[in-house]
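Biologist: Could you walk me through reading a model like this one? I'd like the general idea for each feature, and then the case at hand.

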Amino acid sequence: YWLSLRPYITPDSASTSVSASATIRRYFSSPEHYFSVRVGAGYSPELLNTQTTTGSSSKAFYGLKSQSVNIGYQRPLSKRWFVNGNVTVGRQEPLLAIGEYTVNTAASLSVKYRYR
């Protein structure tokens with residue numbers, strides 16, 4: 001097994017973004033044959049400038065949140081060929097719809113060749 005916890009802290013002059021990612025990977029017959037799960041969550045302050053029709057303006061910071069889960073699998077087909085698949089589901093809070101979330105999904109399937 002391989003466990004990883006990665007914090008990401010990005011300071012700014014007005015506020016700080018904070019997020020983290022945790023991964024667990026289960027290896028099978030070789031280092032190239034594994035199943036993994038990664039979860040992540042974060043908080044990012046965003047500045048929203050607004051201006052009314054009368055000319056007045058305001059600035060406000062909003063803390064936008066996001067979460068994601070990724071499941072991946074890789075298997076060797078031979079000494080040089082590998083197949084890899086990933087599925088990710090995430091949700092994030094858009095700046096103009098605070099408190100609501102959009103869901104994003106992605107999937108990939110790749111074949112890799114090692115040249116050594």
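Predicted model: local features only at pLDDT ≥ 70, side-chain atom pairs only at ≥ 80, totals over all residues.

Biologist: Is Thr23 buried or exposed?

Modeller: Thr23 is buried, at 15% relative accessibility. The cut-offs are under 20% relative accessible area for buried and over 50% for exposed, with partly exposed in between (1.4 Å probe, protein chains only).

Biologist: Which residues does Thr23 touch?

Modeller: Setting aside residues up to four places away in sequence, Thr23 touches Trp2, Leu3, Ser4, Val37 and Arg38. A contact is a pair of heavy atoms within 4.5 Å.

Biologist: Now the whole chain. How many helices and strands are there?

Modeller: The protein chain has zero helices and six strands, and along the sequence its pattern reads β-β-β-β-β-β. For reading strands, a handy idea is that in a regular strand the side chains alternate between the two faces of the sheet. In this chain of 116 residues, 19% count as buried. Among contacts between residues at least 6 apart in sequence, 40% join residues at least 24 apart.

Biologist: Why does strand E1 lie largely in the open?

Modeller: Of the 10 residues in E1 (residues 2–11), the number buried is one, so the strand lies largely in the open. E1 is also joined to E2 by 10 bridges, and the two run antiparallel. Strands count as paired if DSSP finds at least two bridges between them.

Biologist: How do I read aromatic pairs?

Modeller: A pair of aromatic rings is described by the distance of the centres and the angle of the planes. Rings of Phe, Tyr and Trp (its six-membered ring) pair if their centres lie within 6.5 Å; planes under 30 degrees apart are stacked, over 60 edge-to-face, and the rest tilted. That rule gives three aromatic pairs here. One of them is Trp81 with Tyr113, tilted, with 4.8 Å between centres and 55° between planes. Trp81 is in strand E5 (residues 81–92) and Tyr113 in strand E6 (residues 102–113), so this pair ties together parts 32 residues apart in sequence.

Biologist: What kind of pair do Tyr113 and Tyr115 make?

Modeller: Their ring centres are 4.9 Å apart and their planes meet at 85°, so Tyr113 and Tyr115 are edge-to-face. Trp81, Tyr113 and Tyr115 form one aromatic cluster. Trp81 is partly exposed at 40% and Tyr113 is partly exposed at 34%, whereas Tyr115 is exposed at 72%.

Biologist: Which ring does the charged end of Arg25 sit over?

Modeller: The charged end of Arg25 sits over the ring of Tyr34, 3.9 Å from its centre. The test is NZ of Lys or CZ of Arg within 6 Å of the ring centre and within 35 degrees of the ring normal. Arg91 lies over the face of Tyr101 too, 3.7 Å from the ring centre.

Biologist: And how many salt bridges does the structure hold?

Modeller: Side chains of opposite charge can pair when their charged atoms come close. The structure holds one salt bridge, meaning a side-chain nitrogen of Lys or Arg within 4 Å of a carboxyl oxygen of Asp or Glu. Arg114 makes it with Glu32, the closest N and O atoms being 3.1 Å apart. The pair links distant parts of the chain, 82 residues apart: Arg114 follows E6, and Glu32 is in the loop between E2 and strand E3 (34–51). Glu32 is partly exposed, at 23%.

Biologist: Where is Glu93 found?

Modeller: Glu93 is in the loop between E5 and E6, and it is buried, at 7% relative accessibility. Beyond its neighbours within four places in sequence, its contacts include Gly63, Leu64, Lys65 and Tyr101. For a contrast, Pro31 in the loop between E2 and E3 is exposed at 61%.

Notes:
Residues numbered from 1 in each chain as written. Heavy atoms only, no water. Helix = DSSP H or I, 4+ residues; strand = E, 2+ residues; numbered from the N terminus.
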